[in-house]
Amino acid sequence: MDDTVIRIVDLHKSFNGQRVLDGINLDVKRGKITVIIGKSGGGKSVLMKHLIGLLKPDSGEIWIDGTEITKLNDRELNQVRMRFGMLFQEAALFDSMNVFENVAFPLREHTRLEKKEIKRTVEDRLKAVGLLAFTEKMPSELSGGMKKRVGLARALALDPDIILFDEPTSALDPVISLTIEDLIKETQTRFQKTYVVISHDIAGMFRIADTVAMLYDGKIVASGTPYEIKRNGQEAIKEFLRATKIPGLAGGEP
Amino acid sequence: MSEGLVGTLVKPIIYAASEFGRVWFMLMEVTYWTFRRPFKPGYLFKQMEFIGVRSLGIVIITGGFTGMVLALQTYYGFRRFSSEGLVGVTVALSMTRELGPVLTALMVTGRAGSAMAAELGSMRITEQIDALTVMALSPVKYLVVPRVLASFFMVPVLTVIADFIGIIGGYFVGVKLLGINEGLFINKIVKYVDLEDIYNGLVKAAVFGLILSLVSCYKGFHTKGGAEGVGRATTEAVVVSSVTILISDYVLTSLMF
């Protein structure tokens, strides 16, 4: 089987004349964690929304396992979407449902599993994110970090091939961020799925990424292992790494 | 000068026409998803309870006091021509043909329409609607169809209740407080109010239910701009629904009666 699960080819997108994506080219490897790093407002979320068909590009192609998705109709796109799970920036849990119902929702809607089987799967996923004791809680009763963990459990519910993470550690304190990063790594190791993460949190993402792609000025300016990115000499990358003020992350400086 | 004037006059018309087109498109989507499996009666019943049962109190109060004040006003008017006996039938015809459907729809717009716009609006800005799409589920089927169908069915039911309570209110004021002859009051109603008056009122109510839910869901569904956007969507939902109900009331009345 081909190693590349997502291939983005020369993707362009503008909003009201403002260029956001200006020729994105990127390959995402199967069964790995690919992190797309870039500054806030740089088009990372826009890129992610293209991957799942929430936005249509002005030009360019997106291939998911050999299927070009930018020209698919809604029904065909839904077939592709069944292979995806997504953790949204604010988790996007359904307010009217408790934790258990949120995670069970995709299973109830897309499978004919018995109640007992659904319960078993939901509990398995909630156990994987460490929230088995919170099944009856409503989203409004959860902290930001807990919501993201439930969101991850929901994204994992249907056992999708690819999981997208939109800023998984934004608006979280450093300790909770660390927990979420570990959880991403742990669940990926356990389920062996393809994870695509977008984030501006360089330090945290470098810990968990197999591949890092740097989005700058609407383009992917570099792609490689965290080590390769740290050693990359491009000024745009050095500037971004220096901004973290973390020793050792400033483009190869000690 | 003329360009500015034309712009000022034409732009709102173009905007209104494009909004109407989008609401119409949503109606087409709702119709399509209404007849597509799997059916979700649970969501529909939940909305029927919210729109119908929980609006009962406000509809009873509105219907009751409207019937009462109508009896009072018509009594003082008709007394000048010694026609107090016509108070009952005037109240009954006004309630069934006009005030029952319109006031019920306006009350449901204020209570349930605003809630629909606010709920869908906050679901939009917190990406819950996108989450449904990403799960390969239709947000229109799960969120809009139950609200529109519930409104379409429940506004006529509430209208029947408003009509009945309004006539009872008119009876109470006319007969018990103002001393109109009870037999005269009831006989005139029985003689002059046709079933057609009630049916046509209920058809209007169903159309109003459709309008208020479609407009409110549309405004909520396409909310932009955070909490401020939700507030704006809610206000626009109530204003546009109410004005559209009043305009369509004239059109329907001129066509039906």
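View 1. Trp63(A) stands opposite Glu68(A) in E5(A), where strands are DSSP runs of E with at least two residues and helices are DSSP runs of H or I with at least four, numbered from the N terminus. The model is a predicted one, in which local features need pLDDT of at least 70 and side-chain atom pairs count only at pLDDT 80 or more, whereas totals for chains, interfaces and linings use all residues. Residues are numbered from 1 along each chain as its sequence is written, while chains are lettered from A and ligands numbered from 1 in the order in which they are written. E4(A) and strand E5 (residues 67–68) of chain A run antiparallel and are joined by two bridges, two strands being counted as paired if DSSP finds at least two bridges between them. The hairpin formed by E4(A) and E5(A) has two residues between the strands, and Asp65(A) in the turn has a positive phi of about 45 degrees. Strand E4 (residues 59–64) of chain A also pairs with strand E1 (residues 4–15) of chain A, in the antiparallel sense and over five bridges; Val9(A) has Glu61(A) in E4(A) as its bridge partner.

**View 2. The contact between chains A and B.** Chain A contributes 13 residues to the contact and chain B contributes 10 residues, residues being in contact if their C-beta atoms, placed from the backbone, lie within 7 Å. On the side of chain A that touches chain B, the elements that give two or more residues are helix H2 (74–81), strand E6 (84–87) and helix H3 (99–110) of chain A. This side of chain A has nine nonpolar, one polar and three charged residues (Ala, Val, Leu, Ile, Met, Phe, Trp, Tyr, Cys and Pro count as nonpolar, Asp, Glu, Lys and Arg as charged, and the others, Gly among them, as polar).

**View 3. Helices H3 and H6 of chain B.** The axes of helix H3 (residues 56–79) and helix H6 (residues 139–177) of chain B come within 7 Å and cross at roughly 40 degrees, with axes fitted to C-alpha atoms over the stretch in contact and angles running from 0 to 180 degrees between N-to-C directions. H3(B) is therefore oblique to H6(B) (angles under 35 degrees count as roughly parallel, over 145 as roughly antiparallel, 65 to 115 as roughly perpendicular and the rest as oblique). The contact of H3(B) with H6(B) comprises 17 nonpolar, nine polar and no charged residues.

**View 4. Helices H4 and H8 of chain B.** Helix H4 (residues 87–125) and helix H8 (residues 195–221) of chain B have axes that come within 8 Å and cross at roughly 15 degrees, so H4(B) and H8(B) are roughly parallel to each other.

Definitions and conventions:
Contact = placed C-beta atoms within 7 Å.
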